[in-house]
Amino acid sequence: MPLDDDAAAEFHAFFERHHAELARLAHLLTGEADTADDLAADAFVALWHRWDRVLGADHPVAYARGVVAHMARARIRSAVRERRRIHLFWAARSTRTHGPDVDAVVDVRRALERLPFRKRACVVLRHALDLSEKDTALALGISVGTVKSQTSKAMAELQRILGVEAAEELTGTGTVSRWRS
């Protein structure tokens, strides 16, 4: 259904203000830069088709973040299923090689990939995008209490995976500033 010129202008302004943030969110949730751009574009297409709902939402940006988070989850699940199929197909021929040591940014991203989606989303929204607990809850469609508990549990898992020092840097001024790029 075509929207009027005012709605198109509002959507364009919304896109200009929030595209970079939503693409970064998609990147941090999926861990893949190319996928993130596609996912952000798909999210904006979905937002355009529901633009009246977006405008009617109490928090349009939170609504948009939720769309990105849901699309990221679907894409991750699809990728996991595909990897399982490929692994099963090539299992007999599989040989693993270990690459060189990686820097802290890659370590953090890999550690994040090991977290369940909701915990990862809470950490990314809270610490990489600096959202409040309330804004994180709105974006994910969960309660503030759930955000608190999932973030706490995720940070404990990251401490276990990365070591206490690296995890503390994640929430301080160290790794997180490099992690956002």
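Analyst: Helices are DSSP runs of H or I of at least four residues, strands are runs of E of at least two, and both are numbered from the N terminus. This is a predicted model, in which local features need pLDDT of at least 70 and side-chain atom pairs count only at pLDDT 80 or more, while totals for chains, interfaces and linings use all residues. Residues are numbered from 1 along each chain as its sequence is written, and side-chain values use heavy atoms, with hydrogens and water left out.

User: How many helices and strands does the protein have?

Analyst: The protein has 10 helices and 0 strands. Along the sequence the pattern reads α-α-α-α-α-α-α-α-α-α.

User: And what percentage of its residues count as buried?

Analyst: Of the 181 residues, 37% count as buried (under 20% relative accessible area with a 1.4 Å probe, protein chains only; exposed is over 50%, partly exposed in between).

User: Pockets next. What is the volume of the largest one?

Analyst: The largest pocket holds about 330 Å³ of space. A pocket is an open set of points on a 1 Å grid over the protein atoms alone, with protein on both sides within 12 Å along at least five of seven lines; lining residues have an atom within 4 Å of a point.

User: Which residues are closest to its centre?

Analyst: The lining of the largest pocket has 15 residues, and Thr30, Ile76, Val80, Arg83 and Arg120 are the closest to the centre. Helices α1, α4 (60-90) and α6 each supply at least two lining residues. The largest share, 7 residues, comes from α4.

User: What classes does that lining divide into?

Analyst: The pocket lining divides into 5 nonpolar, 3 polar and 7 charged residues. Ala, Val, Leu, Ile, Met, Phe, Trp, Tyr, Cys and Pro count as nonpolar, Asp, Glu, Lys and Arg as charged, and the others, Gly among them, as polar.

User: How many cavities does the search find?

Analyst: A search of the whole structure finds 1 cavity of 30 Å³ or more, a cavity being a set of points where a 1.4 Å probe fits but cannot get out. The largest cavity has a volume of about 60 Å³. Ten residues line this cavity, and His27, Leu28, Gly31, Arg109 and Leu112 are the closest to its centre.

User: Which helices supply that lining?

Analyst: Helices α1 and α5 (104-114) each supply at least two of the residues, and α1 gives the most, with 4. By class, the cavity lining has 4 nonpolar, 3 polar and 3 charged residues.

User: Is Leu28 buried or exposed?

Analyst: Leu28 counts as buried because its relative accessibility is 6%. Leu28 is found in helix α1 (residues 5-30). The C-alpha atoms of Leu28 and Ala121 are 8.5 Å apart in space, although the two are 93 residues apart in sequence.

User: Turning to α8, which residues there meet α6?

Analyst: In α8 they are Thr146, Val147, Gln150, Thr151, Lys153, Ala154, Met155, Glu157 and Leu158, which meet Arg118, Lys119, Cys122, Val123, Arg126 and His127 in α6. The residues of this contact divide into 6 nonpolar, 4 polar and 5 charged.

User: What about Glu157 and its accessibility?

Analyst: Glu157 lies in helix α8 and has 18% relative accessibility, so Glu157 counts as buried. Leaving aside neighbours within four places in sequence, Glu157 is in contact with Leu115, Pro116 and Lys119.

Technical notes. Contact means heavy atoms within 4.5 Å. Grid points are joined across faces, edges and corners, and a volume is the space filled by probe spheres set on the points.
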